[in-house]
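Welcome, and please open your viewer. We will take a short tour, one selection at a time.

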Amino acid sequence: MNYKWCFLFLIAIMTMATVNSQTLTGRQQGLAACACLMAQGDMKRLEPAVRMALDNGVTINELKEAFSQLYAYTGFPRSLNALGVLNKVLENRQTNWQEGKPWKRPAEWDDAKKAYELGVKNQTQLSGKPFNYDFCPQDDYYLKSHLFGDIFAGDQLSAADREIVTVAALSGLEGVAPQLAAHKQGAVNMGNSKQLVEELSAWLCGEGYTLNTKWAKGDKNPYGKYFIGQSYLADVGGGVMNVTFEPGCRNFWHVHHKQVQVLICVAGKGWYQEWGKAPVEMTPGTVIAVPAEVKHWHGAQKNSWFQHLTYHKDVQEGASNEWLEPVSDEHYNKLK
């Protein structure tokens, strides 16, 4: 085992996401997955996530509340689209899915003063101190009266659950780092443990709902013509490349002649498969040495981002890559 192999293996182990949750319940995972995908506007991946959430004990009315709350963070279009996905899923309703607590109109909706007072109380608890946005009185009022007042007045979700939903949604968005950091602390202030909040972020990344790693995503892959779906390539130095695959993206069947390719998964979930053999699931920390002259492919799972480091070893004179046929949808969609 050479130095590079040892070094990269240690890096892979150190960057592994904590995907086997010790604190998050299946119900909380369901809420988080739905919130994250709703925020991204990824309705295709949201549909199976809604089914998973309902199977894990999230009630129909809780999902309605979560998608409604998130309009304040992601806009009405995505909120309404997510509710449309939920409605579609319910066309084939399963017997184990629960309706949940009946919805009732909050009393604060009929008393603006009470809504505002509730908002001040909730915002103070979430922030850990009184919060006044004097720079823009309009937003200060909207936050207190509407978001933390009217919306938080609903009784379908607890304050702790609401912050799980919010953190998950913000985790799926770009350019909101200050708000995400504030709501991570707010999630603790509203009743979640710090451990749970950190697990939540790691779980979202480990399951491929987000791509939150220290490895550069890079630019669009210049070898994209040999991939189905979008991939990105970054040179991380020392002959090591980082390849990032969007959900469902995979490369063509190919062969490395006179060289061994090493793959180290550092984020998300993917597949590796050799011709004539069963597929191998790749999760953070998985290391695969692809033998020379072996026909194979690798890529993301259908509902997950995937990121792996790669380099070549035992390179002989005349080494080359040979790209072959695409991995068909029929073949790929059978993978489980």
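Before the first stop, a helix axis here is a line fitted to C-alpha atoms over the stretch in contact, and the angle between two axes runs from 0 to 180 degrees between their N-to-C directions. Keep in mind that this is a predicted model.

Select residues 26-40, which form helix H2, and residues 194-206, which form helix H11. Their axes come within 11 Å and cross at roughly 55°. Angles from 65 to 115 degrees would count as roughly perpendicular and those under 35 as roughly parallel, so H2 is oblique to H11. The crossing of these two helices is right-handed.

Now show the side chains where they touch. Which residues of H2 meet H11? On the H2 side, look for Gln28, Gln29, Ala32, Ala33 and Cys36. Their partners in H11 are Leu196, Leu200, Trp203 and Leu204. By class, this contact between H2 and H11 has seven nonpolar residues, two polar ones and no charged ones.

**Stop two: a loop with Glu293**

Next, select Glu293, in the loop that links strand S10 (287-290) and strand S11 (296-300). Its phi is near 70°, a positive value in a residue that is not glycine. The relative accessible area of Glu293 is 44%, so this residue is partly exposed.

**Stop three: a loop with Asp314**

Finally, move to Asp314, found in the loop between strand S12 (306-313) and strand S13 (320-323). Here too the residue is not glycine and phi is positive, near 50°. Is Asp314 buried or exposed? Its relative accessibility is 53%, so Asp314 counts as exposed, the cut-off being over 50%.

Conventions. Residues are numbered from 1 along each chain as its sequence is written. This is a predicted model: local features need pLDDT of at least 70, side-chain atom pairs count only at pLDDT 80 or more; totals for chains, interfaces and linings use all residues. Side-chain values use heavy atoms; hydrogens and water are left out. Helices (H or I, at least four residues) and strands (E, at least two) are DSSP runs, numbered from the N terminus. Buried means under 20% relative accessible area, exposed over 50%, partly exposed in between (1.4 Å probe, protein chains only). Angles under 35 degrees count as roughly parallel, over 145 as roughly antiparallel, 65 to 115 as roughly perpendicular and the rest as oblique. A crossing is left-handed if the near helix is turned anticlockwise from the far one by less than a right angle, and right-handed if clockwise. Contact means heavy atoms within 4.5 Å. Ala, Val, Leu, Ile, Met, Phe, Trp, Tyr, Cys and Pro count as nonpolar, Asp, Glu, Lys and Arg as charged, and the others, Gly among them, as polar.
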